[in-house]
Amino acid sequence: MRIPRFFQSQTFSLNGLFQLSDEVAHHASRVLRLPVGATIELFNGDNHTYTAEIISVGKKSVEVKVTAILEASVESDLKIHLAQGISKGDRMDFVLQKSVELGVHAITPLFTERCNVKLSGERLEKKQEQWQKIVISACEQSGRNFVPKVLPAMKLSDWLAAERNGITVTLDPHVTTPFSGLAEANEYHLLIGPEGGFSEQEVLATAAAGCHPVQLGPRILRTETAALAAITALQCHFGDLG
């Protein structure tokens with residue numbers, strides 16, 4: 001049986017006693033019904049796994065003791081920053097979840113001309129929190145001990161104007177350059193359009209900003225499919241898949 005894994009944003013020490021957060025305590029005791037003596041795994045984003053034993057279970061609290069610390073990185077040497085046009089419904093959630101499983105290092109949601117999602121103020125803050133929770137859940141599931149950040153959502157024009165290391169890649173079905181034709185680098189910024197793709201002006205703006213257009217294949221892919229296929233292609237050619 002797989003040991004349950006939980007993210008906790010605190011520093012752990014060997015043989016230390018720690019209280020789980022309210023949300024994790026509820027999930028461990030009320031949903032999974034883990035008893036005293038059960039073994040769990042904790043991680044806090046520092047690329048270590050902390051094995052812990054449940055010491056006590058209260059109505060709203062769970063105390064654990066850290067019994068082992070293991071440096072357990074499953075990270076690719078390749079850093080991929082996904083800049084994703086925001087899409088409607090659960091498509092954006094799906095992209096976040098699966099891109100984390102594939103090893104993406106950071107994610108920036110983008111507002112574009114054809115983005116049909118209107119978010120601002122408190123609604124945007126809540127959505128950012130929800131997106132980060134999806135990322136954490138994907139780390140718990142996939143065994144990652146590094147937690148990618150969902151960076152603040154911004155306009156495509158602002159993202160293109162910012163300085164970036166590495167190579168910026170965007171998809172274009174009209175070019176002939178494949179992913180294997182890209183120069184090798186330690187870091188790639190992958191720019192994916194929303195439903196309906198980028199406008200003609202946005203395509204020109206990406207070219208002016210030095211983005212490298214590549215062809216993923218002859219078929220037109222949905223935005224969520226394109227992002228995951230492109231991440232997979234980068235990991236296969238330059239990362240740790242394949």
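Start by selecting Arg 164 and Trp 159: the charged end of Arg 164 sits over the ring of Trp 159, 4.2 Å from its centre. A charge counts as sitting over a ring when NZ of Lys or CZ of Arg is within 6 Å of the ring centre and within 35 degrees of the ring normal. Next, pick Arg 5 and Phe 43, where Arg 5 lies over the ring face at 4.5 Å from the ring centre.

Before you go on, a word about what is on screen. This is a predicted model, in which local features need pLDDT of at least 70 and side-chain atom pairs count only at pLDDT 80 or more, while totals for chains, interfaces and linings use all residues. Residues are numbered from 1 along each chain as its sequence is written, and side-chain values use heavy atoms, with hydrogens and water left out.

**Zoom out to the whole chain**

Switch to a cartoon view to see six helices and 12 strands; these are DSSP runs numbered from the N terminus, helices being H or I of at least four residues and strands E of at least two. The C-alpha trace spans about 60 × 40 × 30 Å along its principal axes. Of the 242 residues, 44% count as buried (buried means under 20% relative accessible area, exposed over 50%, partly exposed in between, with a 1.4 Å probe and protein chains only).

**The aromatic cluster**

Now show Phe 12, Phe 18 and Tyr 50, which ring pairs link into a cluster. Rings of Phe, Tyr and Trp (its six-membered ring) pair if their centres lie within 6.5 Å; planes under 30 degrees apart count as stacked, over 60 as edge-to-face and the rest as tilted. Phe 12 and Phe 18 are edge-to-face, because their centres are 5.1 Å apart and their planes at 85°. Both of these Phe residues are buried. Phe 12 and Tyr 50 make a tilted pair, 5.0 Å centre to centre with 50° between the planes. Phe 12 lies in the loop between β1 (5-7) and β2 (17-19) and Tyr 50 in strand β4 (residues 48-57), so this pair ties together parts that are 38 residues apart in sequence. Tyr 50 is buried, with a relative accessible area of 4%.

Stay in the loop between β1 and β2 and select Gln 10. Not counting residues up to four places away in sequence, Gln 10 touches Phe 18, Gln 19 and Asn 44 (contact means heavy atoms within 4.5 Å).

**The nonpolar cores**

Next, select Leu 82, Tyr 188, Leu 190 and Leu 234, which touch the most other members of the 41-residue largest nonpolar core. Such a core is a set of buried Ala, Val, Leu, Ile, Met, Phe, Trp, Tyr and Cys residues joined through side-chain atoms within 4.5 Å. Elements giving two or more residues to this core include β6 (79-85), α3 (121-142) and α6 (223-238). The largest share, seven residues, comes from α3. A second, separate core of 17 residues includes Phe 6, Leu 42, Tyr 50 and Val 64.

**Last stop: the largest pocket**

Finally, select Leu 171, Asp 172, Pro 173, Gly 197 and Ala 226, which lie nearest the centre of the largest pocket among its 28 lining residues. The largest share of the lining, three residues, comes from α5.

Key:
On a 1 Å grid over the protein atoms alone, a cavity is a set of points where a 1.4 Å probe fits but cannot get out, and a pocket is an open set with protein on both sides within 12 Å along at least five of seven lines; lining residues have an atom within 4 Å of a point.
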